[in-house]
Number of protein chains: 2
Amino acid sequence: MKIGIVGLGLIGGSLGLDLCDQGFSIFGVSRQEKTCRKAEKIGAVNRADVRLSLLVEVAVEIIFICTPIDKIVSTIEELKTLDLNPETLITDVGSVKSFVVRECSKLWPNFVGGHPMAGTEKKGIEAAQKGLFAGATYILTPDSKNSAEAVDKLSNIAELLGSTVSICSPQIHDRAVAWISHLPVIVSASLIDACLHEHDSEVLRLAQQLASSGFRDTSRVGGGNPELGVMMARYNRQELLRSLAQYRQSLDRLIEQIEQEDWRKLEENLKQTQGVRHQFLA
Amino acid sequence: MKIGIVGLGLIGGSLGLDLCDQGFSIFGVSRQEKTCRKAEKIGAVNRADVRLSLLVEVAVEIIFICTPIDKIVSTIEELKTLDLNPETLITDVGSVKSFVVRECSKLWPNFVGGHPMAGTEKKGIEAAQKGLFAGATYILTPDSKNSAEAVDKLSNIAELLGSTVSICSPQIHDRAVAWISHLPVIVSASLIDACLHEHDSEVLRLAQQLASSGFRDTSRVGGGNPELGVMMARYNRQELLRSLAQYRQSLDRLIEQIEQEDWRKLEENLKQTQGVRHQFLA
């Protein structure tokens with residue numbers, strides 16, 4: 001089977017490496033000539049080109065769009081102008097699903113949203129690696145227009161990658177990732193931002209000197225890639241705001257307990273957070 | 001020189017191991033008989049007893065109080081009733097200083113507050129280890145009543161442990177640790193607490209399934225020891241509330257940017273948090 005991959009970064013490149021190993025014929029597209037050559041060299045694709053029309057010429061059966069979220073819709077628009085065979089199954093790997101599925105399904109009925117929950121801190125084809133998806137959850141968010149055959153096809157590929165397939169609606173997906181992936185970014189960024197407002201330079205210097213693992217861990221995702229942070233806020237805005245509203249309530253309750261010196265309730269709360277954290281780290 | 005250590009847990013025990021190695025005569029006090037025997041066995045003390053009067057009998061020159069914060073003042077009160085030589089230098093290792101120094105100095109003029117910034121997740125004499133303080137910052141918070149000789153004596157011991165001594169006021173200390181140690185606990189606990197308010201069980205289950213390193217790191221200190229959390233809130237209440245007020249402002253500003261879809265400003269903010277984080281992790 002011929003498979004196309006648009007966007008040869010960490011995810012697209014890693015996907016290509018594994019799918020080539022599985023014996024598929026992989027055709028890659030990147031805006032950058034040197035990324036195409038690199039992908040060919042490391043065996044992430046059989047052939048790559050800067051032209052999207054390559055995928056139409058060789059008549060791939062499935063296309064994985066692995067571009068940043070804000071390029072997914074325009075990629076499908078361009079494929080349409082190139083007269084891609086309407087039977088071609090298109091999927092994506094974006095970390096938000098409601099927006100992507102809504103816009104892409106309008107343009108391409110045979111579109112199934114996907115999100116392999118895998119990655120590293122690095123980016124680019126240089127960071128591509130075999131086995132990136134092994135052991136990860138691979139979410140698919142089909143809608144009522146998708147055929148069972150299309151969903152099966154993608155499920156089978158995800159399983160070949162060693163992933164566990166999980167099927168849910170785009171909204172359920174976006175709510176869940178808001179809690180465990182997008183909310184932590186804003187919570188953590190606010191911590192760094194707050195510290196910067198300490199105007200006493202002696203305090204700030206001492207704080208910087210004393211910061212250790214507690215601060216390092218809590219501030220990590222807030223000190224991450226700003227473009228990714230904006231992208232998740234932009235395309236999962238509604239669910240992120242929903243989780244932030246609840247976060248603010250939880251924070252305010254703890255602040256109130258400290259203000260009122262209600263140490264019994266504060267301890268109850270901290271016992272509860274200690275007790276349930278493991279449920280998220282199974 | 002004879003040195004007393006009250007409280008033979010992780011910090012007291014580790015201190016004893018290093019000070020015994022340095023050739024000091026170490027006398028330990030623990031409420032538990034078996035902790036005393038264990039401390040003697042591992043070489044954390046030359047002799048240990050459940051009676052505080054041991055330190056008066058052998059006439060130690062310096063006493064390190066390594067109990068939980070809420071037992072420091074009562075330990076000094078008891079030492080006074082035992083007619084401890086008023087020239088004895090007393091110090092502590094508590095993680096808050098304004099409260100401790102204010103109360104202890106009233107009782108014992110020759111008291112110098114201290115805080116070695118070292119520790120592990122474990123507790124108890126079983127967790128005691130040699131070299132725990134090597135490379136760490138050891139803060140001393142003397143007040144105007146303390147003699148230079150007393151401060152020098154403690155500085156020299158801290159340096160023998162391999163620590164770097166940093167001298168500041170109790171208030172500067174408490175502000176700095178509020179930012180990098182106490183605020184992160186509340187920020188992180190609120191994250192776990194907020195997630196628990198997701199009432200859609202499918203979303204909650206998926207969130208728990210998908211949570212990975214980002215959630216794990218951001219939630220770590222919020223899932224820590226509840227008693228320690230309450231202790232730091234209770235004894236550093238004012239500075240913690242000050243940092244929380246600023247945190248809330250920082251959070252509200254990010255929420256507002258997301259509500260107003262001001263992606264330029266959000267990106268500016270996230271670029272700043274990304275850019276300055278390293279200053280806390282030198």
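Modeller: Gladly. This is a predicted model, and chain A can be laid on chain B by a turn of 180 degrees and a shift of 0.0 Å along the axis, with an RMSD of 0.0 Å.

Biologist: What makes the two copies related as by a two-fold rotation axis?

Modeller: The superposition takes a turn of 180 degrees with a shift of 0.0 Å along the axis, and the two copies are thus related as by a two-fold rotation axis.

Biologist: How do you know that the copies meet through the same surface?

Modeller: Of the interface residues of chain A, 100% are also interface residues in chain B, so the surface is the same on both copies. The contact draws 87 residues from chain A and 87 residues from chain B.

Biologist: And how much area do chain A and chain B bury between them?

Modeller: About 8,700 Å², with 69% of it on carbon and sulfur atoms. Leu210(A), Arg277(A) and Phe280(A) supply 8% of the area that chain A buries against chain B, more than any other three residues.

Biologist: What makes Arg248(A) and Asp252(B) a salt bridge?

Modeller: Their closest N and O atoms are 2.6 Å apart, and the cut-off is 4 Å between a side-chain nitrogen of Lys or Arg and a carboxyl oxygen of Asp or Glu, so the label applies. Between chain A and chain B the count is ten salt bridges, and there are 33 residue pairs in polar contact, both residues at pLDDT 80 or more. Helix H7(A) gives the most to the side of chain A that touches chain B, with 19 residues. By class, that side has 43 nonpolar, 24 polar and 20 charged residues.

Biologist: Why is the pair Asp193(A) and Arg253(B) said to join two chains?

Modeller: Asp193(A) lies in helix H7 of chain A and Arg253(B) in helix H11 of chain B, so their pairing spans both chains. The closest N and O atoms of this salt bridge are 2.8 Å apart.

Biologist: Let's look at a pair within one chain. How do you know that Glu33(A) and Arg37(A) are about one turn of the helix apart?

Modeller: Both lie in helix H2 (residues 33–42) of chain A, four residues apart, about one turn of the helix.

Biologist: What makes the side chains of Arg220(B) and Asp217(A) a polar contact?

Modeller: They are 2.6 Å apart, and the cut-off for a pair of N or O atoms is 3.5 Å. Arg220(B) is found in the loop between helix H9 (213–219) and helix H10 (226–235) of chain B. Its other contacts include Ser213(A), Gly214(A) and Arg277(A), as well as Glu121(B) and Ser188(B).

Biologist: Last one: why is Ala245(B) called partly exposed?

Modeller: Its relative accessibility is 44%, so it counts as partly exposed. Ala245(B) lies in helix H11 (residues 237–259) of chain B.

Key
Residues numbered from 1 in each chain as written. Chains lettered and ligands numbered in written order. Predicted model: local features only at pLDDT ≥ 70, side-chain atom pairs only at ≥ 80, totals over all residues. Heavy atoms only, no water. Contact = heavy atoms within 4.5 Å. Buried area = accessible area lost by both parts, 1.4 Å probe. Polar contact = N/O pair within 3.5 Å; in protein donor to acceptor, adjacent residues only side chain to side chain. Nonpolar A, V, L, I, M, F, W, Y, C, P; charged D, E, K, R; others polar. Least-squares fit on C-alpha atoms with pLDDT ≥ 70 in both. Buried < 20%, exposed > 50% of the residue type's maximum accessible area, 1.4 Å probe, protein only. Lists of a residue's contacts leave out its neighbours within four places in sequence.
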